[in-house]
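The paragraphs below walk through one protein model, from local details to its sheet, helices and cores. Please keep the sequence and the coordinates at hand while reading.

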Amino acid sequence: MIWFLGSIAVVCLLASTVPLLPFGHGAVRAFDFPRLQIATLSGVTFLIALIVLPYTFSSGSVFLLLVAALALQLTKIAKFSPLWKRVVCTFDGNEADVSTVNLMVSNVKMGNREYGRLIHLIKQRNPDIALLIEVDNAWMEALSDIVQEYKYNVSCPSETSYGMLIVSKFPLISSQINYLLKSEVPSFDIVMEHDSGDQFRLIALHPEPPVLTKDTVGRDGEISIVAKKVRDYDDPLIVAGDLNDVAWSRTTRRFMRVSRLLDPREGRGMYNTFDARYIFIRWPLDHIFHSGHFKIIQMERMPKIGSDHFPMFYKLALDAKKAQSTEISDADNKDIDETDDVIEEAKDKDDDAVGTDWEK
């Protein structure tokens, strides 16, 4: 038994230390994703070892390995639990006195043809803005009534799983479809005007997914470009989308420091959105980051729609004149240098985007 439990302990510790390596490759970065699962395995194995193993030098080594693995995982994921301090305030005033923004974000999965489930959800929740990811021409046709019901939209359908659509009740002051690195990978940069007259900016992303056989430079580079782009932006701002990265990864945490944006999940929960099909393989891939001008009224993971992602619903209170003070750490010179290096490396690469043929 000690050899079996010891083997699990070694695997847990290795899986916990691999993401510490400074390599932007899918085979390394993949271990960033199942931190909750590895922490759970480490904790359960520790309890079993306590029950079945006699205390010897060998069993003590097993306990030590498991505690080390669990501690390494908790340093990354503990802040995404209700026990942690929240960095985004919960709005506790009268909603009638502020500008509220209801935002729905959903990766529909291009090959998913259960259109009615998403359409029903949109009509039921009636968001002010819906950001839909992996939209192809078939999805655009199915959503045509929804597009007509909303006054404003920006669309970029694609047959390569990188298409996007935004529908909005708020007027669009400006809208751009950008290709930050790859011609197959669009992003949206939109300024909207609330009914109250307050304006806010929304950047929508869906960078390349990580795969075990390739580096993650494309994904990391696009996220880094946006971080630098908004660093000195002082007005209300939301960055949302399927970033194909987890909330606690090195890339995402550096993005937050450089961009100075906040993650409302801290102190509230992980809100795991992928994989909706398998309960034991889930992590937070769909994100919203925002400036201190917003407070949280509601944040909810919504029911399945046939996709491999759960949709997310956010209700935000906007104070366009005053940003809340936060304790988020600002980027240092090392963060800025690393961000610049990742961007330069990504721009130098000349290859096709990952996953353009997955649905085929």
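Asparagine 244 lies in the loop between S8 and H9; helices (H or I, at least four residues) and strands (E, at least two) are DSSP runs, numbered from the N terminus. This is a predicted model, in which local features need pLDDT of at least 70 and side-chain atom pairs count only at pLDDT 80 or more, while totals for chains, interfaces and linings use all residues. Residues are numbered from 1 along each chain as its sequence is written, and side-chain values use heavy atoms, with hydrogens and water left out.

Although asparagine 244 is not a glycine, its phi is positive, at about 50 degrees. With a relative accessible area of 9%, asparagine 244 is buried (buried means under 20% relative accessible area, exposed over 50%, partly exposed in between, with a 1.4 Å probe and protein chains only). Glutamate 134 also has a positive phi, near 70 degrees, and is not a glycine. Glutamate 134 sits in the loop between strand S2 (129-133) and helix H6 (137-142), and counts as buried at 10% relative accessibility. A further backbone feature is the cis peptide bond from phenylalanine 274 to aspartate 275, with omega near 10 degrees. Aspartate 275 belongs to the loop between helix H9 (250-259) and S9. Most residues other than glycine have a negative phi, and most peptide bonds are trans.

S7 and S8 are parallel and share five bridges, with arginine 201 opposite leucine 237 in S8. S8 and S9 run antiparallel, joined by five bridges, and here isoleucine 238 faces histidine 290 in S9.

Six of the six residues of S8 are buried, so this strand is largely enclosed by the rest of the structure. Leu237, Val239 and Gly241 are buried on one side, and Ile238, Ala240 and Asp242 on the other.

S7, H8 and S8 form a right-handed β-α-β unit; a crossover is right-handed if, with the strands pointing away from the viewer, the path from the first strand over the helix to the second runs clockwise.

The largest nonpolar core has 29 residues, and Ile129, Ile166, Phe200 and Ile238 have the most contacts inside it. Such a core is a set of buried Ala, Val, Leu, Ile, Met, Phe, Trp, Tyr and Cys residues joined through side-chain atoms within 4.5 Å. Strand S11 (residues 312-318) gives the most to this core, with four residues. A second, separate core of 20 residues includes Leu118, Leu121, Trp139 and Val147.

Note on methods:
Pairing = 2+ DSSP bridges.
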